[in-house]
Amino acid sequence: MITQFIEMLPEGRSHPDFTRKPIALTIQEGKFAFFKAIVTGDPQPTVHWSRNNGDVSDTSKYQSKYDANSNEHTFEMPNVTAAQADTYKCFATNEFGQAMVTVVLNVIEVGYKKNKAQQNAIEPINGGFKKFLRKSKVRPKSEQAEKKDGELDPKFWELLLSADKKDYERICAEYGVTDFRWMLKKLNEMKKEREEEQAEFVKNISNLRPIRVNADGTASFEIDMDLIEQSSTIYLYKDGEMIPYTKELGDMTKHSLRRVGRKYIFSIRDLMPEDGGFYQLDVANVNIFSTDLKIPMVDFLVKIQEVKAMEREDAIFECVLSTPLARISWFGKNLPLEQGDKYDIEVSEDKLIHRLVVKDCMVVDKGIYSATAGIKSCNAWLIVEADKDAGKGKKSMRKTTRAGGSGMDLQKVAQEQHEKLEKQKEELKEQIKAAEEAPLPSETPKPGNKKMEDVPSDTAVAEEGDSGNKKTEDVPSDTAVAEAGDIEHECTRVNVEPAPVAATDEPVITCGLSNIYCLRGKSAELKVTMNMDCDGTWFKDGEPIAAGAGIGMSKKSTSHMLTFENCRDEDSGLYRFVSGDQSTQGKVTVGDVPEFDPDDLHKFCKPLTVRVGHNATFKMPFAPQESLTVNWSKNGSEVKDGGGVKIVKEPNHSRLLFKDCLRADMGEIKIHLKNPFGTAEATSQLFVLDRPGPPEGPVETLDTTSSLIEIKWKPPKDDGGCPITNYNIERQQAGHNLWTKLGHVSGDKTTFRDRNVTHGKKYSYRIYAENSEGLGDFLETADSIMAGIMILSGPPSAPKVVSASKTCITLTWTPPEDDRGVPIIGYQVEKRKKDTNQWVSLNAVNEPIEDANYAVKDITEGAEYEFRVLAINESGAGDPSPPSAMVCAKNPNMRPYFKDPEDFVVIRAGNSARVKILYEAEPPPEITWLKDDEALPPWVKVINSEGMSQLVIHSSKRSDSASYTIVAKNSVGQASFDVEVRVTDEPKSPGPVELEQTVHGKVVITWAPSPDEELDDRLYYRVTQRDSNTRVWKIVADRLFTHTHTVTNILPGREYHFRIFAKNDMGVSEPSQSPTWGINGNRVPIPHKGINSMNISFERPPSILVPLKLHAPPKGYQVYMTCAVRGFPTPSVSWFLNDQCINSDKNYYITNSFGVCCMYILRVRPKDSGEYKVVAINSFGKAECSTKLIVRD
C-alpha cells in the first residue's frame, strides 16, 4: 500500500515504492529466518519493521541491516522461536509519502508432537487438541500400531486417492490386493468423503503428477490447485513426519515448495537413499495429494560417453547398471525422452544394458543427454556435424551408419555382473537354507525324525534341457531320460518333500508326487518314499492300475516306483498313490518338443541379403500347439516389437519384419519355439549391403620430398557388406577451396603417391572407399602436408614509423638479408599494445603484404603500440623482426591552420547567418571570435566542435554586417582569419533621372542615389537604353559607383528611353525611368489644368498572404512547412514552437525568400509535436499565423 503526502510531486522527486517485496517464509524452529526488501524513492526512504502482535525492539531477536551495494534492506531473526510466528510489516517513508507491505512468518516447532499433545491434554480448548496438533493420516513408523491380519497399510488408500486409473493395478499388486471390485467400491466412497473435506479449502485440483527424479538430480511432484483462501497453510509430510520447507530459498535448502500461477511444485535437492519414502501435501487439516518415492540401490558400471555423429546418422548412448532394472529414465536437453519415431530405447534380456538410439540426427539434436537410474545419473554430449557434401539448400541422404557407443564390450561387463549377482543370490539362498535347517538351541533330536539330508539319493528333479545341444549329465540310474532327434530332455520326478515328522507306527509319505512332462516314446518314472516299509496302491484318473502294457510297478525298501517303458498319449492323466490314510498325486503329460518342417527349415536357414533402406522379412511356419511360446533373437539378444521392428505371431506361423534396414540390423537371426517339453531353434543370417564407411585414420605420411608426397591409410571398419573395389583420392592445396580428383588405387592397396606437387606448398587429401554399392564417406588428413622440407625466411629489419596520427600509423621496413634460398612472396605485420604480452596479426599468412610498407588503421586513439614484421615464403611465415620503437596513436603537434575558409559571406536581412570554419591543430586549440576587433555582441553565438567552429547570428540585421575574425591558439602557435559578413537586402530604386545634352550626339544622364547607398558600400548602378528603332533594352553601363553617365551615339530623329537600376550582392532594384529623349524632346509643355500629381507610398504593415497548414506525419518522416508574408519595409520573420523561438535551433532549417517563409525538419520526432507560430514584424506593425504538428507512432 502506498500513501502520498502531497497532491503534486516536484519534478525529479518520487514517493517510496518496493521493487522487491519480502516473501512469506515457513521455517523450522531454531533456524535463521530473514526477510529482504528493496525500495526506491527520491529522497532516499527510511525503512523500519514491525509485527502485528508484539514489538521488534529486542536486538537479540531482531536485527535490521542495509547493504548499500545491493540496496537491500534485511530483517533478520537468528534462532527463530515459535513465539515469533506472526505477520510482519515493512514501512518505507520519505517526505513525499509512505509505502507498506506485509509478510507472514510460519515457524514449525521441533518436538511438537509430544509436548503439544501433553499441553493440550491438560488444557483442551473447544473440545480437544486436534485443531492445534498437525498430524498426517499416515503415522510415522515409531507411532504405527501393529497391523492385524488382513489389515491394509493406510498408504495403499492414500496412493489410490491420488493415482491415475492406469496405476490402480500396479498399486494393488504391490500391496497384495486381489479383490478389485471391493477395492473400487470402497475407493469411490473414500473419494466422496475426501472431496467434501477438500471443498472447504480448495476450489479446484487437477494435473496431479507423481514424484519423479529429474535430469538435474532433483525429485519433484506437481499439482494445479486453486485455494479458496490464499493465506491457507500448506504442510508437507514424509512418512507421516512434517518436514520444513521454504518458498524463497528453494534453491538453497533441501525441500522447497514453489508456486507458479496455480501450479505448486515440491522439490527435493541433493537426493540421498534416505530421501525415499511416502510424501503428502495437506492444506490446513485436509490431505490433497500423496505420492511414493522409491529409490533403487543401483549404480552405473559403464556410463554413457560423448558421441560425435554426422548429420542424418544414428547416434547411440549405452550404459551398464550394477542391478537389473526394467527401465531407466532418459533425458535430452533436460526433457524426458520416450520410445517413438525419433528415439529407440533398448534393454538387454538381463536388464543390465540400456541403450538410447537417436535416429536420423540433425544439427538441432545436439546437446547434453543423460541417463537416470534411481538417484544416480550420468550425462554426455551429442555433437552433430553438418554434412559438408550436401548440396546448398538440399537435404543430405539418410546415412546407414551408427555413431557412438561406449567403446567397451558391454556384453562381457554385463555377463560378469550377472554372474556376480547370481553368485550373491546363491550364497544368500544357502544362508537362508542353513538358517532354516539349523535346530533351535533347545531342540533335542528325537528318534525317527528325518532331516532334509536324509532324503534318498535317488530323488530326481525335473529340468528343461537346451535345444540343439547334447549333454551328458550325472543323474541317478533310475532317472527317466527322453531323447528326440537332436533335442535332449530330462523327464523325471519332481517330488514334494514334506517336513520331518516324528516317529510313529503309522505310514507317512516323506517324498510325494508332483506334475511332470514326459517325451513321447521315452521312459519315465513316478516315485514315492515312505517312512517305513509298507504297501500301497496306484491309481490313474481315480481307477486302480496294475502292471502290464508298458507300465511297471516296483518296490525297493520304503520306495514305491511306477515306470513307463515307452510313454504314449494314453499314459497322460492324474496319478495317485495311496498307502493307508496317506496319499499323494501328480499329473503326467505326454507330448513332443516343437519341430520344424524340414523343407521350411531349409528355406528359412538360407541367408537373406537386402540393400540398406529396404525391408527384410523372415517367416517360419510350425504346427499349432498348446502352451507354445515364440521368440525371435538377433545376435543372441531378444528382438522386441517396436520402432523399426514388427513381429507377427499366428497359431501356425510367425513373421519378423525389419523396416528400412540399416547396417546395424545385420546379424544372426534365430526363432525359438518353446513348450513344456523342450525348445527348438532355427537360425538364419541377415546381410545388409551399403556403401562402405570411411577408411580408418589417421592418414600417415610415408614420404615427402620437393616432388612427391606418399600417404597411407587403413581399410574401413565397415566395408558395407561388399569387398572394397577402389580407393578414390582427392587433393586440395592450402589456401584454395577447390578439391581436385587425383585418381584411384585398387581395393587391396592402402597407399598413394602424389607426384604432382610443388616444393613448399601444403596439401590436404581425402580418401573415399568404393564398393559395388557406391562411394562411401571420406577420410581427410588432419593437417596439411608440405611437399619437401619447411624453409622459413630470416627476419626483416625492424619497422620504422613514417607517420602517426590518431587513425593511422604508417610503417616501412627493408627485406631480410637472408631469404635462405626461397623467394619471399610477402610480409605479415603484427602489433603489440603497451603493457600486454600478446602479438596480434594484422593480416593472415595467406593474405601477404606485397610491399615493404603498410598503413596500420586498426588502432585506438591515445594507445601506444610497437610493431614487428615476418617475411612469408612458400613454407609460411619466418622469424619475426626486432620490434619497432613504441609509438602513440595521436596526431602530431601542429600550429593551427584553417582549411579552405570563405572570406566573404552575404546574408539576407532577417535570415539566420552561419559561418563555418574548418581547422586542424594538435593539441586542440582555444577558439576566439571578434567583430571588428572587438568582442562579439550577446546575440551572436559560437558553436565549437572537433575540427570546426561555427558563428551563428539568428535573425540577422544590417547592423550585423562587419569583419569577423576567428583566432585559434594552442601551445604550438596561433592563426587568425577574417571573414567579411554582409547583411543586406534587395536595394531600393534610384531617385529621379535627368537628361542633358552638352555635345551633339552625347547625352548626360544624372540620377539621385538609392536610399540604400549609405547602408551598403558595395551597391552600384546599371544603365540600360532602348530606342524607337530597335525597341530592345540593352545595357550601356554597369558597375557604376557614381550618379552620372554620358551616353554616346545619340542619333537624331529617334526617341531614347533610359532606365537606372541599383544593384548589390542580393539582387537588382526596380528601375528608375528617364524622360523620353529625341523627337518630342522640344515640344511645348502641356498645362496641367489644376491637376497636380502626387507621390504614391508603398509602405505598409506585415500581412499573411498564405497561412500555415496542419501537419500529422508519422515518426521519422520529413516535414516541410511554408507560408507567404508581405510588408514594406521587409518584415523580420521569427518561428516559434510552443512559444519558444526556434530560429537558432540547428534541428530546424529555416529560410525566407522574397516573403516565402519555409521551415524544414529532416526526421520528425515525438518531441517536435506542438503549436508552430510565424511572427512577421516591421516598423508599421506585426502579423502572425499558427498551426499544429502531430507526430504519429
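**Note on salt bridges and backbone geometry**

1. Pro-43 is found in the loop between β4 (33–42) and β5 (46–51), where helices (H or I, at least four residues) and strands (E, at least two) are DSSP runs, numbered from the N terminus. A cis peptide bond, with omega of about 5°, joins Asp-42 to this proline, Pro-43. This is a predicted model, in which local features need pLDDT of at least 70 and side-chain atom pairs count only at pLDDT 80 or more, while totals for chains, interfaces and linings use all residues. Residues are numbered from 1 along each chain as its sequence is written, and side-chain values use heavy atoms, with hydrogens and water left out.

2. The peptide bond from Glu-922 to Pro-923 is also cis, with omega near 0°, and Pro-923 lies in the loop between β65 (913–922) and β66 (926–931). As background, most peptide bonds are trans, and most residues other than glycine have a negative phi.

3. Asp-900, although not a glycine, has a positive phi of about 50°, and its place is in the loop between β63 (894–899) and β64 (904–908). Asp-900 is exposed, with a relative accessible area of 77% (buried means under 20% relative accessible area, exposed over 50%, partly exposed in between, with a 1.4 Å probe and protein chains only). Asp-933, in the loop between β66 and β67 (940–945), likewise has a positive phi, near 65°, and counts as exposed at 63% relative accessibility.

4. A search of the whole structure finds 47 salt bridges, each being a side-chain nitrogen of Lys or Arg within 4 Å of a carboxyl oxygen of Asp or Glu. In one of them, the side chains of Arg-520 and Asp-569 meet at 2.6 Å, N to O. This pair links distant parts of the chain, 49 residues apart, with Arg-520 in the loop between β31 (516–519) and β32 (524–530) and Asp-569 in the loop between β36 (559–564) and β37 (573–579).

5. Arg-520 also forms a salt bridge with Asp-592, the closest N and O atoms being 2.2 Å apart; here the partners are 72 residues apart, and Asp-592 lies in the loop between β38 (582–591) and α6 (598–604). Arg-520 is partly exposed at 34% relative accessibility, as are Asp-569 at 45% and Asp-592 at 35%.

6. Lys-555 and Asp-535 form a salt bridge at 3.5 Å, N to O, which joins strand β35 (residues 551–556) to the loop between β32 and β33 (537–540).
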